[in-house]
Amino acid sequence: MTVWHVILIATAATLALKLAGHLVPASFLERERPARIADLLTVALLAALIAVQTLAVGQGLVIDARVPALVVAAALYAVRTPFIVVVAVAAAVAAGIRFFA
């Protein structure tokens, strides 16, 4: 099986999953429980992605300048700072730590 076979299988699986989503009745999606699960699942997946991108390098865990930058970004979000300011300050924190380390 080549890489192209894997890509084609993944493409077909993704398309099938998207089409299956259109077959779910609207009455099911409008109920409270599925909506709550979808909301919580979105937050959990985003948190997992942030954790992996911040702490993982290859197969190991690394604590470097990204961790304090993430903490600063979370603190700024907690006080409802605009997104561009959060990105700029977190980048400055990471750059400062890397510069002085």
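**Close-up views of a predicted model**

**View 1. Contacts of T54.** Leaving aside residues up to four places away in sequence, T54 touches V62, D64, R66, V67 and L70. The model shown here and in the other views is predicted. T54 sits in helix 3, which covers residues 32-55. T54 counts as buried because its relative accessibility is 9%, under the 20% cut-off.

**View 2. A13 in helix 1.** Helix 1 runs over residues 3-23 and includes A13. With a relative accessibility of 46%, A13 counts as partly exposed, since the value falls between the 20% and 50% limits. A13 and A44 are separated by 31 residues in sequence. In space, the C-alpha atoms of A13 and A44 are 23 Å apart.

**View 3. Segments annotated in UniProt.** The unreviewed UniProt entry places the feature "transmembrane region" at residues 6-28, 40-63 and 69-97. In the model, residues 40-63 are 67% helix and 17% strand, and the C-alpha atoms at the ends of this segment are 27 Å apart. Residues 69-97 are 86% helix and 0% strand, with end C-alpha atoms 9 Å apart.

Note on methods:
Residues numbered from 1 in each chain as written. Predicted model: local features only at pLDDT ≥ 70, side-chain atom pairs only at ≥ 80, totals over all residues. Heavy atoms only, no water. Helix = DSSP H or I, 4+ residues; strand = E, 2+ residues; numbered from the N terminus. Buried < 20%, exposed > 50% of the residue type's maximum accessible area, 1.4 Å probe, protein only. Contact = heavy atoms within 4.5 Å. UniProt positions renumbered as here; feature names shortened; annotations may be inferred.
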